[in-house]
Each structure stands twice: as structure tokens, then as C-alpha cells.
Amino acid sequence: MAAYIIRRVFGAVLLLLVVSAVTFAIFFLVPRLGGQTADQLATQYVGKDANPDSIAAVKQNLGLDQPIAVQYWDYIKGLVVGADYKFGPEATHCGAPCFGYSFKSHVEVWPQLTERIPVSFSLAIGAAVIWVISGVTIGVVSALRKGRPVDRIAMFIALAGVSLPIFFTGQLLNALFVYEVPIWDSIEYVPFTQNPADWAWHLILPWVSLAFLFSALYARLTRAGMLETMGEDYIRTARAKGLKETTVVTKHGLRAALTPIVTIFGMDFGTLVGTAVLTETVFSLQGIGAYAVQSIKDNDLPIVMGVTLVAAFFIVFCNLVVDLVYAAIDPRVRYS
Amino acid sequence: MKTRRVTAAIASVLALSLGAAACGGGDDDGNGGGNGKKDAALSSIVNASTKKGGTVSYEHSDVPDSLDPGNTYYGWVQNFSRLYARALTSFKPAAGKEGLEVVPDLAESLGKPSADAKTWTYTLRKGLKYQDGTPITSKDVKYAIERSNFAPEALSNGPTYFKAYLEGGDKYKGPYKDKSADGIKSIETPDDTTIVFKLKQPFADFDYLATFSQTAPVPQAKDTGAKYVQNIVSSGPYQFESYEEGRGATLVRNKNWDAKTDPIRKALPDKVTIKFKVNPVTVDNDLLSDKITADAAGTGVQPQTQPKVLQGKNAGQTDISYAGATQYIALNVNVAPFDNVHCRKAIQWGLDKQSVLDAMGGSPKGDVATTLLPPSVNGYSKFDTYATEGHKGNVAKAKDELKQCGKPNGFNTILTARSDRPAEVAQATAVQESLKKIGVNIEIKQFPSGKYFTNFAGVPTYVHEHKLGMLSMAWGADWPTGYGFLDQVVNGSAIKPSGGTNLMELNDPKINKALTDAIANTDDAARTKAWGDIDKMVLDNASVVPVVYRKNLLLRPKSAANVTVTQAYLGMYDYVLMSSAK
């Protein structure tokens, strides 16, 4: 198992390197291939008073006057040992991991990301707890009551959940519970370390609106999995052995049905940390997703690079965790 | 009751999601619960108060270019920065036209010009201090101008008028590269309270330039270049308690600010907060529910909120202010057939401006424009060279001009618009429809606004090559005088190989000379009159088709006090005056 973990970690690091190379090429090589010169790339960061001197200064600072391979090497080097930038009277050291420097907003990228990651992570984790519990419960109940009113109602709600976009449910919840029947004075991010109760309280609406979509999806998946599993021979055997129905359902049925759920959960959760753009926008939460949108709008390539790498990291990391959890929940899966 | 409110909320969200215009109830009494009448803040101070305390809270749906006074171009930041950064001069915090008056701020009086308006001298007030108690000197003002205008490698957001107008401005490398003790030689500081500017040309609007936040002092020892925004040293009544890049800031009282040195600020609130990147609909809802004091952007509520506030119970809390900008069509005089003045006049006479305004959203969006200068700018003169009944155009006169132009049956041309500006696209479509009546067939070409001037409309070779005869344009003044508005859009010197803003490519020696003469004239009244005269010359040339004077539909919450619109800052509320009952 230890060898497997080490192998997977190395694989994940390699994958992130490939992602970084591809992302770097998209943002810095493709424009060159498209005919843009280093001067043209630098011009967009100079401001309104573009002149040869200012363009040359930015070009040098950003390293755009270097070959692409050197630029990429410097970027990777910055991640490991940091880098120096001069945007004022004295040079500034951007400590490792230095994800670069935003030439639009003149900030180091990494501190901006670390301020926003907890917001996105908080949003994703709370929503995930809600959608997994509610989705799986509804799915199991629906499967056990197949064709009955409970199943039909649950599946109708699930269909509605999948169909309604977050910008609708989010706006609706916001309008209802912040303005019309103001249970919440405002929706904002309060750091968990500052006040866990406030953290949870102020994130309930974003969690619910995000979880509504996902729990609907998970309910349908769980229902389908449970229906298939509960028809298996070993379930009949378990019942024939005289086991209690709860044991049959939870220990034998649900455990097997959960495997695909765990797989997709890993993917969903990892992706969500970097892409909950709509929820973050609707509720004005300053997470990674909203930051990505802003940086793309501003054509702020170092930030886009940083966000992409962080989002990729979460996806890779969550997949790794899922693979490891597999072994724990499904005895059929064993790693050598 | 709650059920009805919940139903109403669901209905309004449904309407919003479906893009429908939800109208509010009919209980409009024209008042905002004792919060003044509709448009009251245009000419008076609403909820005038002298009560100290409370928190003024702002929200903004975007981020600022920078809160560093030396690194911003945004009008709202210029307005907001006056809370923590005192410039040499400022605009008077007052209602109506009085708000356009320039008054001394750090300086004890307005600038003293030489006879030729090429040398301007200011003397700082006595007893000025930074938030840390150290004295503010004229050298700090000089340094602030040096860093903001001459260090684009670190601070590239702000305007560079000082660089353009100061003697030797094109040679000085900025304080981060030129480490000499003298700095730029055309700014002299003979003692700690005197600062002298030596310009390369006469410039009678210099007091307006001195209102820019770039003249707010910066202590050189505390300057960290691009990172200074994270530790701004206050010279105003408030200082930063916290600043979070891209997220917001909190200002608290600066204990070393002395009211005796500052006749223009009352500094009533104890605290000022600002949050960035708040969903625009949330900003509107927070204004309506009185959770915040103002939308910092100052450009008005969102389109989906407009019907609600105009017809609902909040109508008395609205102010429709001039945004200090004119939306117009530039007819390029180097693209046929607009090289012929009669073809240009045919467009002037033929365009149904009222229908264009209606297509853009009607009166809340603005008024039909007949001049290039908007009414809120010093020097505006009301006239209509091409007056038609109800601004609906005059087909007969237009056709007569077409005959004189040698195109009696009309012609084909191209009109540009910025694809990500719905109002501009709506305007272009309405212009296209309107001019069909006189046989002018328009093809609309759309370009992204981010590259509109640098790659397309502002590049003469591109314009000529692609025969872009008509170009959609909107312009607001950097400072509210005729020169501040006109120089960058009608002066021949504003035609550039790329990034130009004189989209007509108007290079009329008479207009150029009139601008140069007027800005050299230190007689305020004569100078102000000249701007209106130049505006008439531009309209006689017929290359500018004014369409709309843009307006903001502002909403003032009930708790907001000392609320008035300032025309000096693009028709938003005056943030120096504003206080809160909360």
C-alpha cells in the first residue's frame, strides 16, 4: 500500500508538471505562434502611457524577452525557490512557492490564491456534506420505495434540482432569506478560524443552493446503484441468512452501490474547489472561481496560470484520495 | 403578509431570470420616507446633517484599478480617495453647479499663475500632518507626482498629464530609476511649503490638474512602489485600518488630521467600509433594503432594477444625474463619402435621435444630445445646429444635403460598435434603422471594447482600409471643463497611429488653434465661453453626431445623509460629504 501511495504521489506531481507546461504554452507560446511579438504581449501590462521604455521595462520584468523554454524554467524555479521583481524603489522577493506576479494588479499571485482557497474550500466542503447525506439518503429511500409516492416525489425534486441553474436557486434563496424574510443579514465569508459558528451560518445559503444541484444528481445515481445492487444474488443470500433488513441495505447494498458515488464525488469535489463560479458570483464570495473569471476578464495571465494550477492540484489530489478510499470501502478492490 | 412577500420575491426572481421587466407596486407618493424627493440630490444636499458618528458603507461590483492615489484613473476612486488623500486642490463638496468649483485643499489658495500661465505656484497650509504625525511638505507632493507620472513600470494606471505638460517631462526617468536628489527639475520646492510647476506650454486649467489624486503627498521613505497600495499613508481625515486586495477596505479616523487645516471636509462618519466584487444585483438589493450607504461605482442601478425603483415606493429616493459623458457617432473625414461635408450633414439631419435614445432605454439612460460637450461640464453652451422637431430628424433636409454631396439616392457605409456594450449595440441598430429613410444603408461591425481603440477604431490605417465611415464613441471628461473634454477627441494632436480617440480624424487648424488659445487664457469667463464656441465649430464641421448625454439612475438609501450629486466626478454622489444615520 505504501509503495502504491508513493507511486501515485509521484504520478500526481508529474501530471501537475504536464498541466503547468501545457497551461504555460497556451498563455505564453500560442500567442507567439499566432504572430504576437514580445513587445505586443508586454504592451497590455504597460497601461495607458505605452512607450518603448515602459514596454521594455515590463518585457524585462516579465521575462518576455527570454526564449519560452527559459521563461518556463524560471516559472518552475520560482515555484521552488521564489523570484525577485522590481516594481518600486527596491526589488521585491516573491517567496516560494512563487506563482508569479500580477502585472495588472501588482500583487504576488500566491498570497491572493491562499486568501481565496479557504473560501472555495469552505463552500465546497459544506455543500458536499449536505449533498452527500441528502443525495444518498434520498437515493436509498427512493430505491427501497421504488414506484411509490415517496420515490416519485423524490425523483421529481431531483429532476427539478438538476434542471434549475444555480444562478436561479441562488438568487431565489438570496432574495427570500436575505431581503424579503431576512433571516440572514448578509451572506459573506467568515474565516472558520475566526468563528466556526459564524462561518457555517453565513455559508448555509450558498451550501444549500450548490448542494441542491448536486444532491439531486447523487440521489439519482444512488437510486440507480441501489436498484441494481439490491437485485443481486448476494443480497438475497444475506436476507436468506436472516440478517436484519437495515444490515442488508447498509452493509451489503449501500456499500457496493457507493463505489461509483465515491468516484464521482472525488471528481466533483476536486473540480468544485476551482469552479464554483456561479455560486461565488451570486453570493459575492471571493473564491478561486470568481477570481479566475476576473483574471480572465483582465487578461491577467500569471493569475490565470496560478488558478489553473491550483484547480488542477485539487482535482489530482481528490482523485488520489478517492483511489485510496476505494480500497477501504470496496473489499473487491485491492492494491498490491 | 409573509406569504405575499415570499410570493412577490419568487415572482420577481422569476421575472428577473426570464429577463422580464418587473414593475413594482403603485404606491408611489414621490417621497422616500422623508428622504427627499426624486432628483433632490441634483441640486441640494439631501438629509443634511451635522451629526458625527456611524459607518458609511460602500459596495462595488468590480475592483478599483488601484486605491493608491498615484495609480488610479477611475473617477470613483478620485472621489473616494479624498477621504484619505488630500490633493493640492479639490472640487467643492457642494450641491449643484457649485460642486464644479475648484477649491484649495492642501494648498492654502488656488495656484498663482505667471502671466503666460506657464508657471504655477502653490503654498501649502500650515500644520499639515500624515497619519503618523510627521509633517507634510511640498517635497512629498513633488515626489507623489514623480512616482505617479514617471514610473509606468510600477504605477501604470493613472493619467500622465503632468508628464505631458511639465518642462522636460519627456526626459525624466522617474524616481525609481533616477536616484538624483533633484528629481524632475521643472517642479521646484524652494521651501517646505512652496511648490512651483514650470510647464512647457501655457495651461490655464492647471488648478483642475491639481485636483487629481496624484498631487496627494507620498512620503518617499514609505513608498513601496506598486505595493504602496497595501500601506497607504493618509493625509486626509481617514486612514486604512485594513486593506484586502480585490476584496475591500476599512477606513477609520486619522487622529493626526486636523480639521483646522481642512475647510472642505466635515468627516462626520467614524468609519468607512468598502467591499469589492459584490454581485451587482446584490448591490442594488442592499441599497433598496438600506443595508449599505452607496454604490461606489456611482453609475446607477442595474437595468433589471430600474423599473422597480422608478415606479415603486423608492422613486423618491432616486436621482437621475448627468454622467458627464456624451455618446456620439464619429464620422471619419478621411473615409468616403464622409470626406464631403454635405454627406456628413445628411446624417446630422436624417438621424432620428429620439428613436435611438428610446432603443437605448429611454430617459433614465440620458437625454438627446445636440452638442458634444455634456451639460455638466464647465463651458457647455446649449445649441442645436441641426434642430429638428422632437429630435426625430428631417428627411427633406437630409435628402437635400445628399444631393449636394452627389449621392441623391444615399450610400452604403459601415458603423462600428463595441460588442460587449449592449447600449452601444442598441444605439447602432437604431441608427441603422433610422437612416434607411434617407437611403443610407449601414452595415454594423462589432469589436471588443478592450481593443477598440488600440486595434480597430483608434487605428487610422485600419479604419481607412476597412472603410469604417461611422464609429460609435462615448467620451467623458478627465476634468470637467471644455478642454478636459475636447482636447483628446477633437484636437488634431489626438490622432495617433494606434490608441487614438479623435475618431473623426478631425484636424482642423482653426479648431486646434482655438483650443491652444483658449487653454492659454487665464480669464476664466473668456476661457469658459471659448469651449462652447469650439463645440459649435465642431458641429459646423458636422463630423460629430451627438446622440445621448448619458445619465446615471442613482438610488440613495434612507440611512444615507448629506447626499448630493457631484458633477465633478461623473454625476455620482459626493463621497467627501456623505455620512450615515447607521
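Just after helix α3 of chain A, the residue A:Gly63 takes a positive phi of about 80°, a value that, like everything described here, comes from a predicted model.

## Chain A as a whole

Chain A contains 14 helices and 4 strands, and its C-alpha atoms fill a box of roughly 85 × 60 × 40 Å when the box is taken along the principal axes. Of the 336 residues in chain A, 42% count as buried. Among the contacts in chain A with a separation of 6 or more, 65% are accounted for by residues 24 or more positions apart.

## Two domains in chain A

The domain assignment divides chain A into domain 1, given as residues 2–94, and domain 2, given as residues 109–335. The C-alpha centres of domain 1 of chain A and domain 2 of chain A lie 34 Å apart, and the contact between them takes 12 residues from domain 1 and 14 residues from domain 2. On the side of domain 1 of chain A that touches domain 2 of chain A, the residues divide into 8 nonpolar, 3 polar and 1 charged.

## Helix packing and annotated spans in chain A

Helix α5 of chain A, at residues 109–144, packs with helix α9 of chain A, at residues 204–229, at an angle of about 35°, and the axes of the two helices are 6 Å apart. The crossing in which α5(A) passes α9(A) is right-handed. By class, the contact of α5(A) with α9(A) has 20 nonpolar, 7 polar and 2 charged residues.

An unreviewed UniProt entry places the annotation "domain: ABC transmembrane type-1" over residues 117–326 of chain A; in the model this span is 81% helix and 0% strand, and its end C-alpha atoms lie 26 Å apart. For "transmembrane region", UniProt (again in an unreviewed entry) lists residues 9–30, 119–141, 153–179, 199–219, 261–283 and 303–329 of chain A. One of these spans, residues 153–179 of chain A, is 93% helix and 0% strand, with end C-alpha atoms 30 Å apart. Another of them, residues 261–283 of chain A, is 91% helix and 0% strand, and there the end C-alpha atoms are 28 Å apart.

## Where chain B meets chain A

The contact between the two chains takes 32 residues from chain B and 29 residues from chain A. On the chain B side, the elements that give two or more residues are α1, at residues 2–17, and α6, at residues 280–288. The largest share of that side, 9 residues, comes from α1(B). Sorted by class, the residues of chain B that touch chain A comprise 11 nonpolar, 12 polar and 9 charged.

## Domains and annotation in chain B

For chain B, the domain assignment gives domain 1 at residues 66–232 and domain 2 at residues 323–552. Taken over C-alpha atoms, the centres of these two domains of chain B are separated by 33 Å, and 10 residues of domain 1 of chain B are in contact with 12 residues of domain 2 of chain B. The side of domain 1 of chain B that touches domain 2 of chain B has, by class, 8 nonpolar, 1 polar and 1 charged residues.

According to UniProt, in an unreviewed entry, the feature "domain: Solute-binding protein family" lies at residues 101–493 of chain B. Over residues 101–493 of chain B, the chain is 25% helix and 20% strand, and the end C-alpha atoms are 28 Å apart.

## A residue in helix α10 of chain B

Helix α10 of chain B, at residues 395–405, holds B:Lys403. B:Lys403 counts as exposed because 12 other C-beta atoms lie within 10 Å, and the cut-off for an exposed residue is 12 or fewer. In sequence B:Lys403 and B:Ile195 are 208 residues apart, while in space they are 60 Å apart, C-alpha to C-alpha.

Conventions: Residues are numbered from 1 along each chain as its sequence is written. Chains are lettered from A and ligands numbered from 1 in the order in which they are written. This is a predicted model: local features need pLDDT of at least 70, side-chain atom pairs count only at pLDDT 80 or more; totals for chains, interfaces and linings use all residues. UniProt positions are given in the numbering used here, feature names are shortened, and annotations may be inferred rather than shown by experiment. Domain bounds come from an automatic or database domain assignment. Two residues are in contact if their C-beta atoms, placed from the backbone, lie within 7 Å. Ala, Val, Leu, Ile, Met, Phe, Trp, Tyr, Cys and Pro count as nonpolar, Asp, Glu, Lys and Arg as charged, and the others, Gly among them, as polar. A residue is buried if 20 or more other C-beta atoms lie within 10 Å of its own, exposed if 12 or fewer, and partly exposed in between; C-beta atoms are placed from the backbone. Axes are lines fitted to C-alpha atoms, for helices over the stretch in contact, and angles run from 0 to 180 degrees between N-to-C directions. A crossing is left-handed if the near helix is turned anticlockwise from the far one by less than a right angle, and right-handed if clockwise.
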